[in-house]
Amino acid sequence: MSTVKVPIGPQHPALKEPINFTIEIEGEQVVDAKVRIGYNHRGIEKACELRTYVRDIYLLERVCGICSHSHTTTFTQGVEELLDEDVPRRGLYIRTIVCELERLHSHMLWLGVAGHEIGFDTLLHYTWRDRELVMDFLEMISGNRVNYAMNTIGGVRRDISKDLIPTLKKGMDTFRERCEYYLKLCSEEPTVLERTQGVGVLPTHMARKLGAVGPTVRASAVDMDCRKDDPCAAYDEVPFEVCTWDSCDVFARVAVRILEMIQSCNMIQWMLDHLPKDEIRLKLKRRVPEGEVLSRYEAPRGELIHYIKSNGTDKPERVKVRTPTLANWPSVEYMLKGCYIADVPIIVASIDPCISCTDRVTFVDVEKEKTWVWDSNQLRRYGIEFYKKKRW
Amino acid sequence: MPRPAAMEPELLRNFPRKPFTVFYPFERLPPFEGLRGRHILYLKRCVGCGTCAKDCPSAAIEMIDWPDEFPQELKNKAGKVPKVDLGRCLFCEQCVESCPRDALEMTQEYELATFDRKAMEWIVDMETE
């Protein structure tokens, strides 16, 4: 049966990040799903070629608003490798502490967003309140809540003072308690269980085949973590476990993220206890010798890759960024097939997409050859109403 | 095991508490030490080399000729002074780090919203000491 495809008109980058899903349905069930991306081309990679390495750090920090530190970590460690210099241990430890704090706030933010998508807004408000603790710590350490500007080529720019360490350690205790509470809550609360268990299943073999990364692949029982497999910064010294879950559904992704937060709290406390006493940074020369490097780091959303090619000047010849969300789109298409329309928002949200919200969704009814367009809010409301009716 | 109203004890515990939100314009939290706010320039130390302008990621700093209203006795050899466009500034503190003479510093002043676009084109606050 032929289906009608409608090109979606102008989008609204000012409101939510632009992306387009075309979803073919039969009654309530999704038959096929297609993701269209590329509406938000910002030309960052080209702009990197026109700026010096120092200026590129601040440009790449603004690729993403949540994992800003991940991008600078990946870029700076790539450039350090090209320069063939060893960064002082204390610098690497502080870099890793900020990395883990960023993971905490990113996962906590996601937990709130997931709560919002399934109509459990109480969870959103409580998680975001607890997230403020980490945001305050980041501001205390770096001087800014979002774009920390901590990384520089050759180390970090600010030291963690002695007075701050007890506050941070106590804060991590509080945060770990909250994470343990949320893990208990999510495994008991019927709203969460009903909307997440058995939804958006990505079997282990498919997760491997589709090249999923980050918590998405770890929730499919694949023990894959860039911090363990290819340790960068101070990850080769810090003890931690890779968290996996074997139910392969959205609930597994909730559980993996909460378990990772508990691990991160432990890691931060360990690093604060074992902070080396040398320098925080090296002063390196501005001209980078000719060469190319592939730098990898496990961002909160998954494996982040930067490719840097230098040509002997103070500007890179090519910078390529592969964000984890891009690697997860094929998995989303797979997960959407066969689910209910009501589950579309939470399945898309379950990979923690950097293009955070569905700009618009087109529905194509296969039987009636009818097409209509919903925005993400309408779709979310539909999902909540659908499950309310189903329950009674 | 599903347990209905699993969050109820937490909600009851928080019920008598004050709201967590700070009602900003009426109630202000003190900024943390090390917050990156508006710039300040120590005129005596500035040599007008323009390194800050070269390193600024958003090209917010422009080196201009020594303005007439600035004390002429402090004029450096280059006769230049940085002008910071706060509308473009990212507040990354790279200029402070790049300055060879520590002439630039960042204050904790963060309330910089204005209705006038021109008001954002500061020739930075000067400090003659």
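Student: At what angle do helix H3 (residues 68-83) of chain A and helix H4 (residues 89-117) of chain A pack?
Tutor: Bear in mind that this is a predicted model. Two packed helices are described by the angle between their axes and the distance between those axes. For H3(A) and H4(A) the axes are 9 Å apart, and the packing angle is about 145°.

Student: And is the crossing of H3(A) and H4(A) left-handed or right-handed?
Tutor: The helices touch through A:His69, A:Ser70 and A:Thr73 on H3(A), with A:Arg95, A:Val98, A:Cys99 and A:Glu102 on the H4(A) side. By class, that contact has 2 nonpolar, 3 polar and 2 charged residues. As for the hand of the H3(A) and H4(A) crossing, call it left-handed.

Student: Over to the strands: which residue in E2(A) is the bridge partner of A:Phe21?
Tutor: Strand E1 (residues 20-26) of chain A runs antiparallel to strand E2 (residues 29-36) of chain A, over 7 bridges. The two make a hairpin with 2 residues between them, and A:Gly27 in the turn has a positive phi of about 65°. Across from A:Phe21, the bridge partner in E2(A) is A:Val35.

Student: How many charged residues are on the side of chain A that touches chain B?
Tutor: The contact takes 17 residues from chain A and 18 residues from chain B. On chain A, helix H2 (53-60), helix H5 (121-142) and helix H7 (190-196) each give two or more residues. Sorting the chain A side by class gives 8 nonpolar and 3 polar, and the charged ones number 6.

Terms used. Residues numbered from 1 in each chain as written. Chains lettered and ligands numbered in written order. Predicted model: local features only at pLDDT ≥ 70, side-chain atom pairs only at ≥ 80, totals over all residues. Contact = placed C-beta atoms within 7 Å. Helix = DSSP H or I, 4+ residues; strand = E, 2+ residues; numbered from the N terminus. Nonpolar A, V, L, I, M, F, W, Y, C, P; charged D, E, K, R; others polar. Pairing = 2+ DSSP bridges. Axes fitted to C-alpha atoms, helices over the stretch in contact; angles between N-to-C directions. Left-handed = near helix turned anticlockwise from the far one by under 90°.
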